[in-house]
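Please look through the structure shown below, keeping the sequence at hand.

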Amino acid sequence: MPNSTPDLDRGIPIRAISRGLTVIQTINRLGPISMMQISREASLPYPTASRIVQSLVHEGFLERELGSKRYRVTGLVQTLSTGYQAADRLVTASRRHLEKVTDEVGWPVSLATRVGTSMMVRTSTHGQSSLTFNNYYAGFTLPISGCASGKVYLAYCDEQEREAIIDGWKIADNETSRVGLTLVQDSGLLESVRDQGYAVNTRNAYSSDAGKTSAIAVPIIRRSGKIAGTVSLIYFATAMGAKEAAEKFHALLGQTAKDISDELAFIGGL
């Protein structure tokens with residue numbers, strides 16, 4: 001009998017687990033939704049989606065709504081995040097500062113943190129601004145390699161965390177991971193982001209309206225020196241270029257990030 005599993009030795013994900021997590025994320029984001037919608041949104045064959053849903057119902061993570069054919073997550077999904085409270089404190093520390101920026105300049109801003117090889121929106125002011133195409137909800141993700149927040153995070157995180165991101169890219173071996181590996185190979189690019197104090201991504205390809213928006217992002221640095229997350233300002237790509245956006249908003253976003261860091265320290269989120 002072999003001592004190890006070949007797939008795990010090669011870093012290949014267990015597909016059933018990956019699919020199960022995709023289904024939970026899909027229903028959590030869009031639910032309550034039907035089995036057909038789950039199949040379509042999770043890009044899974046209907047029979048596969050059905051088996052996964054029934055397994056998750058059996059385990060208590062999903063339930064079917066009475067009188068309908070729609071499924072929703074249960075409170076048990078909260079156990080998956082037990083012990084991870086840093087993002088909650090960061091949202092608490094940042095909310096009023098983000099709203100202040102949008103009140104001042106009109107454009108929406110968002111707070112994001114790293115989750116694996118993605119940047120996840122934790123809160124945003126898109127609902128507060130008319131200068132937006134979409135209301136980006138908490139939980140919306142973008143690949144690190146394809147957004148301003150990801151590039152600035154990559155530049156400011158420590159070497160150990162950067163290596164964890166690189167390992168994730170190597171395992172994924174897809175288009176966005178290959179772009180990411182190219183980014184880290186160009187040390188001059190990350191040094192440039194650190195020198196400037198911000199990163200810009202023009203005509204975002206991975207937003208809900210691909211190519212229509214651009215963004216500028218700055219890091220939120222804890223008093224310990226480690227990066228806590230990012231603040232991004234999102235604007236219409238046709239409204240201004242990257243240079244103009246940096247001239248207009250870099251200082252404001254930098255001060256906002258500092259204010260969030262100070263408040264985070266005050267409420268005990270060092």
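Rings of Phe, Tyr and Trp (its six-membered ring) are taken to pair if their centres lie within 6.5 Å, and planes under 30 degrees apart count as stacked, over 60 as edge-to-face and the rest as tilted. The model is a predicted one, in which local features need pLDDT of at least 70 and side-chain atom pairs count only at pLDDT 80 or more, while totals for chains, interfaces and linings use all residues. Residues are numbered from 1 along each chain as its sequence is written, and side-chain values use heavy atoms, with hydrogens and water left out.

In one of them, the ring centres of Trp107 and Tyr235 are 6.5 Å apart and the planes stand at 70°, so the pair is edge-to-face. Because Trp107 lies in the loop between helix H5 (86-105) and S4, whereas Tyr235 belongs to strand S9, this pair ties together parts that are 128 residues apart in sequence; helices (H or I, at least four residues) and strands (E, at least two) are here DSSP runs, numbered from the N terminus. Trp107 and Tyr235 are both buried, where buried means under 20% relative accessible area, exposed over 50% and partly exposed in between (1.4 Å probe, protein chains only). For Trp107 the relative accessibility is 9%, which is why this residue counts as buried.

Trp107 also pairs with Phe236: the centres of these two rings are 5.2 Å apart and their planes are at 85°, so this pair is edge-to-face. Since Trp107 is in the loop between H5 and S4 and Phe236 is in strand S9, the pair ties together parts that are 129 residues apart in sequence. Trp107, Phe133, Tyr235 and Phe236 form one aromatic cluster. Over the face of Phe133 lies Lys212, at 5.5 Å from the ring centre, a charge being counted over a ring if NZ of Lys or CZ of Arg is within 6 Å of the ring centre and within 35 degrees of the ring normal.

His126 is placed in the loop between S5 and strand S6 (141-143), and its relative accessibility of 3% makes it buried. Apart from neighbours within four places in sequence, His126 is in contact (heavy atoms within 4.5 Å) with Pro108, Thr132, Asn134, Asn135, Tyr136 and Ile234.

What is the volume of the largest cavity? On a 1 Å grid over the protein atoms alone, a cavity is a set of points where a 1.4 Å probe fits but cannot get out, and lining residues have an atom within 4 Å of a point; grid points are joined across faces, edges and corners, and a volume is the space filled by probe spheres set on the points. The largest cavity has a volume of about 220 Å³. Its lining is made up of 17 residues, of which Ser110, Leu142, Asn204, Ala215 and Ile234 are the closest to the centre. At least two lining residues come from each of strand S4 (109-115), strand S5 (118-124), helix H6 (148-156), strand S8 (213-221) and strand S9 (227-236). The lining divides into 10 nonpolar residues, seven polar and no charged, with Ala, Val, Leu, Ile, Met, Phe, Trp, Tyr, Cys and Pro counted as nonpolar, Asp, Glu, Lys and Arg as charged, and the others, Gly among them, as polar.

Helix H10 (residues 242-266) contains Leu253, which counts as buried at 0% relative accessibility. Leu253 touches Val109, Ile216, Val218, Val231 and Leu233, when residues up to four places away in sequence are not counted. Val109 lies 144 residues from Leu253 along the chain, with 9.4 Å between the C-alpha atoms. Ala242 is also placed in helix H10, but at 29% relative accessibility Ala242 counts as partly exposed. Leaving aside neighbours within four places in sequence, Ala242 is in contact with Val200, Thr202 and Tyr235.

Terms used: On a 1 Å grid over the protein atoms alone, a cavity is a set of points where a 1.4 Å probe fits but cannot get out, and a pocket is an open set with protein on both sides within 12 Å along at least five of seven lines; lining residues have an atom within 4 Å of a point.
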